[in-house]
Amino acid sequence: MFSCDNLKAKISLDIAIMGAGIGGLSAALACNRAGMSVTIYEGVSELKEIGAGIQLGPNMFRILDRWGIYDPVHLKGVTLKELLLRRYADDSELSRISLSNAEKVYGASMVTVHRGDIQKVLREEVEAAGIHIELGSRVQDIDFKNTRIKIERCSNWIKKDVIIAADGIKSISRKKILMMHGKKDRLRDTGDAAWRILIPAEQIYKSKDIDLIEMLDNQIAFRWIGPDGHIVAYPIRNNTFLNVVFIHPKKPSVHESWTNKSDKKEIVKFYKDWAPRIKKLLDYVPDGEIIEWNLYDCNPLITWIEGNVALLGDAAHPMLPYIAQGAAQAVEDAAVLAISLAMIDNKNQINTALKVYELLRKERAEIIQTSAVHLRQTLHLHDGKQQEERDDLIRNKGKGDCNPDLWSDESFEAWCWGTDVQQQAITMWHQLVELISKGEQIQSSPDTKELPWLKLSKKWQLIQNDQATTRNPTLSRLN
């Protein structure tokens with residue numbers, strides 16, 4: 001029987017991957033391990049360390065372990081033992097989730113790392129495998145009918161068997177595929193902006209502040225929730241930095257922009273009623289002008305594939321950060337796509353393999369994508385009766401109902417972290433190929449039927465929609 005640890009492609013495939021981010025590098029590694037020939041085309045001329053801390057769930061680390069890169073990533077991170085959720089004003093605890101059994105239950109832990117560190121590990125593995133990364137090679141055009149790409153400033157087309165478009169949230173591939181189906185590529189504006197800061201350990205120790213030292217030295221992720229915003233903080237790089245993310249309403253603008261110029265005074269003003277510990281964190285925000293990242297995602301797409309071209313990662317399902325699954329879902333995409341391609345007997349089955357990939361991945365990724373939108377609305381409620389009811393349900397783990405905080409919901413955790421997408425791909429391959437050959441449709445993947453946390457009560461959905469739309473009309477388009 002096939003195993004996701006040793007699966008090898010039955011035929012030789014030549015694959016082009018657009019983008020050398022986490023998704024593109026993961027796809028390259030997965031396909032190479034299965035015996036396929038891979039070339040990565042990346043638009044930038046140099047791969048630099050960008051971003052800040054990210055949380056990697058057990059569902060992602062289980063795949064990295066199978067690829068043999070668990071230890072290199074793990075050594076650069078911090079294994080979380082607890083997740084804490086707290087009220088914004090008085091710092092009171094709403095929930096404390098233990099992760100001590102995560103490895104036993106899910107086969108891997110939750111680890112915090114710097115985005116640049118995991119991208120570096122993936123790149124080193126890709127280069128060690130002999131996979132070539134063509135830097136400064138931005139894809140200008142795609143010929144879907146003939147599976148070809150054209151690079152900027154080059155006249156010749158490059159022919160491949162498969163094109164994997166891991167070209168991010170600004171994907172030209174997604175735009176072109178949607179145009180072919182008469183759709184426009186529209187991003188959804190959440191109305192939120194994020195500002196990130198990395199606080200070096202020496203600065204925190206120098207302050208001798210017990211609250212901040214506790215946050216740095218322990219294997220805990222803290223979250224504070226309040227009206228229109230929330231804050232996340234956790235240690236990274238073996239507790240040598242404290243990563244803090246402030247999420248709050250972005251400044252109004254008449255133009256769509258990925259970044260926003262703000263000022264420390266504006267951030268301090270927004271959080272003026274938050275707990276003293278938050279104000280201590282704000283002391284580390286540099287004075288003067290700062291750059292915030294505006295947060296966007298998009299509606300679920302009509303399709304992820306066209307011919308022998310497949311979207312992957314943020315190109316297919318850009319994720320908001322509220323549920324910390326962006327990197328994990330890109331890696332799941334890569335793992336499943338490699339398995340789907342490895343299972344075919346001839347090149348005429350490539351499009352079928354991509355359809356299997358879409359059937360296995362699209363619904364799961366889009367449920368998580370949409371859940372992040374709903375979680376944002378739930379966490380950002382204003383003080384009042386609805387907020388009090390939410391807090392009571394969180395403290396009491398849902399009281400038999402769904403927990404409003406998905407991070408604290410056991411059924412969501414089990415589904416999100418526990419689903420083995422690689423083994424699922426192998427197990428369901430022949431069944432899905434048969435359904436595709438008959439032209440039949442799958443209404444819902446087997447692992448998403450009857451999930452209790454998907455059945456949000458009508459009351460909660462109305463509360464979320466009403467409050468969010470009242471404060472930010474933009475969000476009426478998100479529901």
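What share of the 479 residues in the chain is buried? In this predicted model, buried residues make up 57% of the chain, whose secondary structure comes to 16 helices and 20 strands. Among the contacts between residues at least 6 apart in sequence, 75% join residues that are at least 24 apart.

**Helix 1 with helix 11**

- Helix 1 (residues 22-33) packs against helix 11 at an angle of about 25°, and the axes of the two helices are 8 Å apart.
- That angle makes helix 1 roughly parallel to helix 11, since angles under 35 degrees count as roughly parallel.
- The crossing of these two helices, helix 1 and helix 11, is right-handed, and the contact is made by I22, G23, S26, A27, A30 and C31 on the side of helix 1, with A327, A330, V331, A334, A335 and A338 contributed by helix 11.
- By residue class, the contact of helix 1 with helix 11 divides into 10 nonpolar residues, two polar and no charged.
- An α-helix has 3.6 residues a turn, so residues three or four places apart point the same way.

**Helix 12 with helix 15**

- The axes of helix 12 (residues 350-379) and helix 15 (residues 421-437) come within 9 Å of each other and cross at roughly 120°.
- Helix 12 and helix 15 are therefore oblique to each other, and their crossing is right-handed.
- On helix 12 the contact is made by T352, A353, K355, V356, L359, L360, R361 and R364, while helix 15 contributes V421, Q424, A425, M428, W429, L432, V433 and I436.
- The residues of this contact of helix 12 with helix 15 divide into 11 nonpolar, two polar and three charged.

- Q329 lies in helix 11 and is buried, with a relative accessible area of 0%.
- Leaving aside neighbours within four places in sequence, Q329 is in contact with N59, H317, M319, R361, R364, A365 and I368; R361 and R364 are also among the residues of helix 12 that make the contact with helix 15.
- The C-alpha atoms of Q329 and D314 are 8.9 Å apart in space, and the two residues are 15 apart in sequence.
- E366, which lies in helix 12, is buried because its relative accessible area is 10%, and the cut-off for buried is under 20%.
- Not counting residues up to four places away in sequence, E366 touches P300, L301 and W304.
- In helix 14 (residues 410-418), the buried residues are F412, E413, W415, C416 and W417, and these pack against helix 2 (58-66), strand 6 (93-98), helix 4 (102-106), helix 11 (326-342) and helix 12.

**Paired strands**

- Strand 1 (residues 14-18) is mostly covered, with four of its five residues buried.
- Strand 1 pairs with strand 2 (residues 37-41) in the parallel sense over five bridges, and the bridge partner of A16 in strand 2 is T39.
- An open sheet of three strands has the order 3-7-4, with antiparallel pairing; strand 3 (53-56) and strand 4 (78-79) stand at its edges, each with a single partner strand, so one side of each is left without a neighbour in the sheet.
- Within that sheet, two bridges join strand 4 to strand 7 (residues 111-114), and these strands run antiparallel, with T79 standing opposite V111 in strand 7.
- Helix 5 (residues 115-128) lies across strand 3 and strand 7, and runs at about 85° to strand 7.
- Three strands also form an open sheet in the order 9-10-11, where the pairing is antiparallel; strand 9 (139-143) and strand 11 (157-159) stand at the edges, and each has a single partner strand, so one side of each is left without a neighbour in the sheet.
- Strand 9 pairs with strand 10 (residues 148-151) in the antiparallel sense over four bridges, and D143 stands opposite R148 in strand 10.

Definitions and conventions: Residues numbered from 1 in each chain as written. Predicted model: local features only at pLDDT ≥ 70, side-chain atom pairs only at ≥ 80, totals over all residues. Heavy atoms only, no water. Axes fitted to C-alpha atoms, helices over the stretch in contact; angles between N-to-C directions. Parallel < 35°, antiparallel > 145°, perpendicular 65-115°, else oblique. Left-handed = near helix turned anticlockwise from the far one by under 90°. Contact = heavy atoms within 4.5 Å. Nonpolar A, V, L, I, M, F, W, Y, C, P; charged D, E, K, R; others polar. Buried < 20%, exposed > 50% of the residue type's maximum accessible area, 1.4 Å probe, protein only. Pairing = 2+ DSSP bridges.
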